[in-house]
Amino acid sequence: MSLLEAIIMGLIQGITEFLPVSSSGHLALFEIAFDLEKTGLLFDCLLHFGTLIAVFAVYFRDIWKMICEGFGIIGDFFLNAAAAVSRLSGNKEKKYRKIICNGYRKFVMLVIVSTIPTGIIGIAAKDLIELASSVLIVPGICLIITSILLFIADRCKEGSKTPKHVSYTNAFIIGICQGFATLPGISRSGTTITACLLSGFDRRFAVKYSFIMSIPAILGSVVLQLFDLDITQITSSEWINYLAGTLTAAAVGYICIKIMLFVVKEKKYTIFSIYCLIVGAISIGAFFILG
């Protein structure tokens, strides 16, 4: 893979990760269409890591507060454990702290709940996902599924749920949806935002939740791939290409998050739905014509 190809794939990743048209599907189609040597899951994960940089840049304040409150949850858990031991020893004056005491702590717990089914599906279907990326018809079918989901998203009733009102059942179901969105052609952002809207989320919070909940899933995927890979076999020139693709994905992704906030608020998903339908149909047609 050349430097130019890496930059183009970073551009595709940055655009399609946040715009609801499936980054994995477009990357798979690009590799197949131009007969590129399979880049493997490491480069795919690095491209996703690049888009995580964009998420941190846009939602830095929220993420920082969530990290602080996450440590607060851990601290209060151990204080409650100590209080329980003290009460068992006869000291009834020790009181328990309320652990989930504000919106950001609830946000943290919701993301954790969503991550559990995503992780299980991602690990269980790892080999299937890699195989699916190499067959032209799979991204095509999945893009049509994405098209249907986006069509539904624009027609969802206005919701008002913020972390305080979102149930853990909502979070678990959205996590399942994110797990299935690892298939090439099914947009992760499109799928999770649609699931959020169907669950009654406020539209701006649906976008925020979708992007922030991707952080542990993508970081976990990157870590798992590093365990399976002999990094010493990657040449210095390949690392330069990987870095260029990652930085391109980060820069373009930042712009696209800003665009998505407008798209969801103004209900402009239909144009992306039509686009996914057309690209999906072309991919399926190409499979039968070229196959």
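A pocket, as the word is used here, is an open set of grid points with protein on both sides within 12 Å along at least five of seven lines, and its lining residues are those with an atom within 4 Å of a point. Keep that in mind as we walk through this model, which is a predicted one.

Let's start with the second largest pocket, which holds about 230 Å³ of space. Around it you'll find Phe56, Ile63, Met66, Ile67, Val108, Val111, Ile112, Ile212, Ile215 and Pro216. What classes of residue make up the lining? There are 10 nonpolar residues, with no polar and no charged ones.

Helix α11 also contains Ser214. This serine has a relative accessible area of 2%, and buried means under 20%, so Ser214 counts as buried. Which residues does Ser214 touch, once you leave aside its neighbours within four places in sequence? They are Leu52, Gln178 and Arg188.

Now for the rings. Searching the whole structure turns up nine aromatic pairs. Take Phe107 and Tyr209: their ring centres are 5.8 Å apart and their planes meet at 20°, and planes under 30 degrees apart count as stacked, so this pair is stacked. Phe107 belongs to helix α5 and Tyr209 to helix α10 (residues 203-212), so the pair links distant parts of the chain, 102 residues apart. Both Phe107 and Tyr209 are buried. They also belong to one aromatic cluster, together with Phe201 and Phe205.

For another arrangement, look at Trp239 and Tyr242, an edge-to-face pair with 5.9 Å from centre to centre and 80° between the planes. Why are these two separated by about one helical turn? Because they are three residues apart in helix α12 (residues 236-266). Are they buried or exposed? Trp239 has 32% relative accessibility, so it counts as partly exposed. Tyr242 comes in at 10%, so it is buried.

The charged end of Arg155 lies over the ring of Phe151, 3.7 Å from the ring's centre. Likewise, the charged end of Lys106 is placed over the ring of Tyr168, at 5.4 Å from its centre.

Notes
Residues are numbered from 1 along each chain as its sequence is written. This is a predicted model: local features need pLDDT of at least 70, side-chain atom pairs count only at pLDDT 80 or more; totals for chains, interfaces and linings use all residues. Side-chain values use heavy atoms; hydrogens and water are left out. On a 1 Å grid over the protein atoms alone, a cavity is a set of points where a 1.4 Å probe fits but cannot get out, and a pocket is an open set with protein on both sides within 12 Å along at least five of seven lines; lining residues have an atom within 4 Å of a point. Grid points are joined across faces, edges and corners, and a volume is the space filled by probe spheres set on the points. Ala, Val, Leu, Ile, Met, Phe, Trp, Tyr, Cys and Pro count as nonpolar, Asp, Glu, Lys and Arg as charged, and the others, Gly among them, as polar. Rings of Phe, Tyr and Trp (its six-membered ring) pair if their centres lie within 6.5 Å; planes under 30 degrees apart count as stacked, over 60 as edge-to-face and the rest as tilted. Helices (H or I, at least four residues) and strands (E, at least two) are DSSP runs, numbered from the N terminus. Buried means under 20% relative accessible area, exposed over 50%, partly exposed in between (1.4 Å probe, protein chains only). A charge sits over a ring if NZ of Lys or CZ of Arg is within 6 Å of the ring centre and within 35 degrees of the ring normal. Contact means heavy atoms within 4.5 Å.
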